[in-house]
Amino acid sequence: MEKSTEKSESKIPYHKIFIEQAPTTIIMLDKNMHCIAASQRWIKEYKLQGVEIVGRSYYDLFPRISKKSKEVHQQCLTLATNTTDEAGFIDKNGTVKWLHWEIFPWFISEGEVGGLFINTIDITPHKENELKKERTEDIFAQTKEVARLGTWEISLTDKKVYWSKITREIHEVSDEYTPSLEEAINFFEEKYSRPKLNAHIQDAIEKKIPFDLNFELITAKGNRRWVRVIGKPEIMDGAFKNVVGLVQDISDVTFSKLELNKAHAQLRSIFNSNHNVIFSTNQSGFIDHFNKGAEKLLGYSAEEMVGKKTPADFLPLEEVKKFKYDVATLIGKSPVNFNHYSDITYEDLSDTREWNYIRKDGTSVPVQATVSNLRNEEGINIGFTVVATDISRLKEIERRLVIKNERLNYAEQLTKISHWRYRPYTNETFHSKNLLRILEIENSSTMLTFEDFLSYIHPDDRESVVKHNEDSVINKEFQSYTHRIISAKGNIKIINNIGEVILDKKGEVVELIGTAQDVTELKMAEKKFKGLLESAPDAMVIINSSGYIQLTNKQTEYLFQFTSEELLNQPVSKIIPHEVLPSNRKSVSSFFNGSKVKQLGITEPLFGIRKTGQKIPVQINMAPLQTEEGTLISLAVRDITKQKAAQRKILKAKENLEILAKTLTDKNQQLADFTHITSHNLRAPVSNLNSLLDIYKTTDSKTLRESLFDKFETVINHLTSTLNTLVETLKIKSEYNEDDIAEIKFKQVLNRTEEILAGEILKSGARITADFSECQIIRYHTIYLKSIFLNLISNAIKYRSEERTLELEIKSMMVDGKIMLQFKDNGLGIDLEKHGNKLFGLNKVFHRHPEAKGVGLFLTKSQVEAMGGTITATSQVDVGTTFTINFN
């Protein structure tokens, strides 16, 4: 045990150097997020001086840490690494800081994570990129061994166990407690120690074998301890009577060993880390340790470096000279020919600075390194150890921060904005240089106090500004406000202030921060814009991209009878229910693509709503307005009530003209029909009569004359039929009388038609079915409806198929509020591709039926259309035909 302790203590100088001389703000945690060690810089950075942090939970030290950060920690414990280039925050002193941090695991052995390193670097520009040398606290306290020995005895005669006072104290039981053998053994850890101790005690009792071993014990109070138990048989007068022994509390020593072994494992993980460069030299300057981080960064293997190379092989000569000069000056020796290997004997050295290491491939990498000397037991320098961190990312971050600061200053000038901070309890102020430009102060190095700034505020606004700041501190909330200033050159400007109240952990006000913007030109432009709005002849409504009203003019108040205050920040749908903008705000810009002005209410009706609820027809011209606050939309709303009235008059006149034109067209069609019947249907019978008369006049045969009278009768009948058709056609085309209209039941009309066609129905065997459940009654022209039923049913019988019994289905329907009637048969059918365009023509027939005249469908169509309806047909040859009448 003494040899192991000596070996561990020999590594302590390396251990202490690696932790204490860490150049960054770093904390080392175990897997349970308990602190193992932290650098002095870390302790100082987080203001934990004097606080014992070793063994403390990281989350106890920082109880307000976010849930997201805890999730990151757990991810890193599973071999992940988390790096954040920059993050800003305000510390409790009110100072804005920017940090760069890295979180990565350390390993007890390959693949086994022992915990986390959290490495943070303050990259605040005000620190001039210099990291001051830091020292770590001792991460492990020296262990002490407290020898506490107690005695115990097992009587073989009665199997009783006897404990001394110290033994009872070790077990944390009362002075009167006397255990049985089983109870005594049960104090030991169940899985390993208990069975092992029990076996050795049985061997001592049965085989007289002594033992001396360490066991884990759990006291009566639940405390875990390590004890050394010695037992041996006691022989008195040649007889084996008892087993006696000692118990010693070795918890401190054992736990110290465990912690020491753990520390050694942690140190090995630090040394073997890929994230930190660690190397050391002997007294002659040759490298004797070179870790994996150094191999990774510099490109050299440890085999190439250890015992063969010195740091000068990858350090710039000028930087080495500067280092020697600074070290010599620091320890009070002459820089001339100074050699830090031979000229430092007892002095303690710790130097932190930036270096540019030269890699094996010749490229350069910036690092921040701490160089510390190693001393032996006599305090004599025996070499150096170096802990370095690659800061190339940090340098890039610093470069980007400089660029960002330059851009911020430029942006402030362009936008006439200055940022400021004010601590009300100390009256301290800070502001950017652009505030001086706004105030037209020529000395750019001036830093104004709060009283200085008040002196530039317009006298009429000064009191309100002071009160506003006081109210912000009292209410812990900053309301934006506007005030005037008088610049150093006497110019009056308008300043808009936006800010925030910063509170500490106790909820107390620390400071006010915010921006001050010169909005003088904006206010002037706003006045001009309002003047233009008021002079517009139309109602002008300005809305944002979400459709909320931002500004109106007097014409808007007159048109919609709302005041401007009643409309401000209200949705535009309050006065214009129509959707004037896309529902998706992202589509607003594309809404205006191709045309800067959109017009509404030109082709489609558009209404506005007055406060009284009255609807008024309006026309809108809308266009985008690009402002600093984003895209606004202007609506020019015009009342077009008079235009609509004039439009209605024009439409009425147009309707009257169309009615007149239709009447003339109908009359012309009547004449055309009449001409067709006269020229075609009357020509043949009249010609036939003339021929018969000529024969009658020229013959003397009485028999011939008698036979001619029969022929006269036939021809006259045809002529009569033709004349009747002409009369019916002309009658349909003429206007009907309202007295002809009545409420008619479809069922009654069907029954009458079946009576008229009873003979043909019986002769043909036709089966007629009807369904008038959807609509039973219609208000219609009585004669027309009877004619429609008669023509369509007789047509179905006339053109039935000889191959099957006629099935005729009649059905009434209501479709979209319209009455419809359907006649569906399974007759011969019609080739509509061939005859569809002349289906309802006069004297058009499509089958060689002896009674086909081509008048029935023509009359039906004429009657339906005379009542404002339509008739259509669908048909398939040798399948059947369906006629559908729409009465409305």
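Here's a short walk through a few local features of this predicted model. Residue numbers start from 1 along each chain as its sequence is written, and side-chain values use heavy atoms, with hydrogens and water left out.

Let's start with the largest nonpolar core, which has 34 residues. Such a core is a set of buried Ala, Val, Leu, Ile, Met, Phe, Trp, Tyr and Cys residues joined through side-chain atoms within 4.5 Å, where buried means under 20% relative accessible area with a 1.4 Å probe, protein chains only. F746 and I793 touch the most other members. Several elements each supply at least two residues, including strand 27 (741-745) and helix 23 (746-756), but the largest share, eight residues, comes from helix 25. Helices here are DSSP runs of H or I, at least four residues, and strands are runs of E, at least two, numbered from the N terminus. Leaving out residues up to four places away in sequence, F746 touches, among others, F772, L785, F789 and F887 (contact means heavy atoms within 4.5 Å). There's also a second, separate core of 29 residues, with V277, I331, L349 and F384 among them.

Now for N291, in the loop between strand 12 (287-290) and helix 10 (292-298). N291 counts as buried because its relative accessibility is 1%. A polar atom of its side chain lies 2.8 Å from the backbone nitrogen of A294, and one lies 3.3 Å from the backbone nitrogen of G293.

Note on methods:
Predicted model: local features only at pLDDT ≥ 70, side-chain atom pairs only at ≥ 80, totals over all residues. Buried < 20%, exposed > 50% of the residue type's maximum accessible area, 1.4 Å probe, protein only. Polar contact = N/O pair within 3.5 Å; in protein donor to acceptor, adjacent residues only side chain to side chain.
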